[in-house]
Amino acid sequence: MVFPYYVNPEQMTQDKREFARKGIARGKSIVTLEYDGGILLLAENPFKLSKIGEIYDRIAFAGVGKFSEFDRLRKMGVQWADVEGYRFSRDDVRGKALANLYSQAIGEEFNRSIKPFEVEIVVAEVGDPQFAGHEANALYEMDFEGTIQDRIGFCVIGGSDDAMRSHMASNFRPGLPLGDALRLGRDTLQRAENASPDLAPESLEACLLERERRRRKFRRLSADDVRGLLAA
Amino acid sequence: MRFRDGYNGSSFMELLEIEYPHLLPNWDRLFAAAATGELRGVAHGTTVIALRFAEGAMVAGDRLAISEYRVASRDIEKVFATDDYSLMAVAGAAGPAMEMARLLGIQFEHHEKIEGEALELEGKANTLAHLIRQNLPAAMQGLVVVPIFAGFDRRRRMGRIWRYEVTGGRYEEKEYDSVGSGALFARESLKKSFRPGASRDEVLRMVVEALADAADEDRGTGGVDSVRGIYPRVKTCTSRGIEEISDERVAEVHQSILAGRRRPAE
């Protein structure tokens, strides 16, 4: 007699979680925080492949973990946003809807496939003072299981982030100027277990969602921009 | 949103074709409607001009749209920024032309976001040729969209312009071009006034004069409507990006051209 192959779902879920956590912990972290002119996304990344990207006018994406997986998620987000904006209007593309879609896609992958995604992602949406009802910023954080969290002020994704999160929590205050936000972000990244103790501007990937910019508010900072802002 | 088997390229138009075909403009239906003569009354835009100058490219268009022999709109836009360094100007059926400009703008932005780098100007010009080819069946029935594409090539540091024909053929112009019902007159005017490497003020005068000449001879081209305060739209594309010349400045140039032509009543 052949016995059907049985796996305890609790055990399996636990194994998948452990697997995903291990994968993510190997990579570097990303911090996202609000400053007085919008939102700053900052990653330790000396390479040319980006971890932070533009999704739409007011929305940016950041991902940690396995590059091929979070980059595919980023592209899916861009596709969704551009189709939504084409079908309806540019103002109809909202961060919350995108975060929900991501959460479902990642959650489904976790449940259905043997190997879950080894990623954590952030969807950041900057508020627009011209746009009634959408003046406030929004930060959505999604883990490898698809669990979605709505963060206020800042969020930290990546493996060894406890020390980072507590540093951020005790030093963050609303309305920081950009230079201060960038310094706080860098100091936070330097507290990761696997980080270099002194991060040069060249090894930082820094992007902004600038509230006052018209239409596409996303801007990538060059190493020179970062150096200037850190020194100021 | 599908992770595994969804479209994974950088083209927004291909994404629509493969995953959202119902959202694409239905050229076949337009073709059928045009063949039965149902579309005779659609709005048509008239004269647009593009030319190269020292800093880049200048693109201009009158503001009139006509439907058969009547005015459809007096202040229509025919010159569109498709991104920070390119402009598209259209003559012909206004509805499909505007849709084309919108689709083109999204295509450029989509590619830039997916790939992390903007298309080269030549790549952008080719993308437009592809859109026009798709529009071919409708064009054969008279629903013609004839664009000019102009931009600043950041690699070669110069302005470039392209004209198209309904088959999707694409030709780069070294000096100037014009399309639309008054194009013949505008080109005749530019033939006399154009000079390579002219300054911004000089080309502005050429452009306004060419549009005035076109409006003078062609009833489909709108001139300056000083009663309603409607002036031709003039935009430039240079290393600084896209800039629009103010109505006041266009009015001033137009006045000085008229002053030289005015004659006393007989």
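What percentage of the 232 residues in chain A is buried? Buried residues make up 44% of them, where a residue counts as buried if 20 or more other C-beta atoms, placed from the backbone, lie within 10 Å of its own. This is a predicted model, in which local features need pLDDT of at least 70 and side-chain atom pairs count only at pLDDT 80 or more, while totals for chains, interfaces and linings use all residues. Residues are numbered from 1 along each chain as its sequence is written, and chains are lettered from A in the order in which they are written.

Chain A comprises six helices and 10 strands, taken as DSSP runs (H or I, at least four residues, for helices; E, at least two, for strands) numbered from the N terminus. Its C-alpha trace spans about 75 × 45 × 30 Å along the principal axes.

The two chains meet in a contact that takes 16 residues from chain A and 12 residues from chain B, two residues being in contact if their C-beta atoms, placed from the backbone, lie within 7 Å. On the side of chain A that touches chain B, strand 3 (52–56), helix 2 and helix 3 (95–112) of chain A each supply at least two residues, and the largest share, 10 residues, comes from helix 2 of chain A.

In helix 1 of chain B (residues 12–19), Phe12(B), Leu15(B) and Leu16(B) are buried. The buried residues of helix 1 of chain B pack against helix 2 (67–87) of chain A together with helix 3 (94–115) of chain B.

Key: A residue is buried if 20 or more other C-beta atoms lie within 10 Å of its own, exposed if 12 or fewer, and partly exposed in between; C-beta atoms are placed from the backbone.
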